[in-house]
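Welcome, and thank you for taking a look at this one with me. Please have the sequence and the 3D view open as you read the points below.

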Amino acid sequence: VLANAIHSVGGISDDNHGTLQKVWWSRAGRTDKGVHAVGQIISLKMVLQQTADDASQDEDALARRMQSAINQALRGTAIQVLGIERTTNSFCAHVLCSARQYEYLLPVHCLRRQEHTTTDGGHKTTDGG
């Protein structure tokens with residue numbers, strides 16, 4: 001979904017679209033099916049095209065404009081780009097990510113002690129789990 005949105009606004013060329021390896025796509029982490037993530041870091045070689053109207057804009061302004069365009073293309077999805085930063089050509093989000101933080105939310109019933117009542121030789125016993 002994200003790669004398609006970046007392509008739709010010109011950040012990934014037609015020649016490179018559909019094959020993430022061509023743009024050196026890398027992500028800092030992954031999630032299992034049904035798990036949600038906040039603050040995922042990805043890296044890729046992205047096209048930031050400067051138009052005649054952008055001649056007076058610096059690189060940060062171009063990145064903000066691209067971020068806004070990508071988020072517009074992502075409307076109606078649960079995905080949003082929080083920022084775009086220029087890095088060195090050798091930056092790889094998976095390898096160079098300096099920290100990962102995980103938070104797990106479990107329903108309370110998963111933490112409750114289960115009581116099992118069994119009959120053992122005519123005596124009832126309760127197993128505290």
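## Notes on the model

1. Let us begin with one residue. Ser26 counts as buried because its relative accessibility is 9%, and the cut-off for buried is under 20%. Please keep in mind that this is a predicted model, so every value here is computed from predicted positions.

2. Where does Ser26 lie? You will find Ser26 in strand E1, which covers residues 26–27. A polar atom of the Ser26 side chain is 3.1 Å from the backbone nitrogen of His94. Once neighbours within four places in sequence are set aside, Ser26 is in contact with Ile41, Ile42 and Ser43, and also with Cys92, Ala93 and His94.

3. Now a step back to the overall layout. The protein has 3 helices and 4 strands. Read from the N terminus, the elements follow the order α-β-β-α-α-β-β.

4. How much of the protein is buried? Of its 129 residues, 18% count as buried. The exposed surface comes to about 10600 Å², with 49% of it supplied by carbon and sulfur atoms. As for contacts between residues at least 6 apart in sequence, 38% join residues at least 24 apart.

5. Apart from neighbours within four places in sequence, Ala3 is in contact with Ile12, His17, Leu20 and Trp25.

6. Which side chains meet in a salt bridge? They are those of Arg86 and Glu59, at 3.4 Å from N to O. This pair links distant parts of the chain, 27 residues apart: Arg86 sits in the loop between H2 and helix H3 (93–96), while Glu59 belongs to helix H2. The count for the model comes to 1 salt bridge.

7. Are the two partners buried or exposed? Arg86 counts as exposed because its relative accessibility is 66%, and the cut-off for exposed is over 50%. Glu59, with a relative accessible area of 40%, is partly exposed.

Definitions and conventions:
Residues numbered from 1 in each chain as written. Predicted model: local features only at pLDDT ≥ 70, side-chain atom pairs only at ≥ 80, totals over all residues. Heavy atoms only, no water. Helix = DSSP H or I, 4+ residues; strand = E, 2+ residues; numbered from the N terminus. Buried < 20%, exposed > 50% of the residue type's maximum accessible area, 1.4 Å probe, protein only. Polar contact = N/O pair within 3.5 Å; in protein donor to acceptor, adjacent residues only side chain to side chain. Contact = heavy atoms within 4.5 Å. Areas by Shrake-Rupley, 256 points an atom, 1.4 Å probe, with all protein chains shown as cover. Salt bridge = Lys/Arg side-chain N within 4 Å of Asp/Glu carboxyl O.
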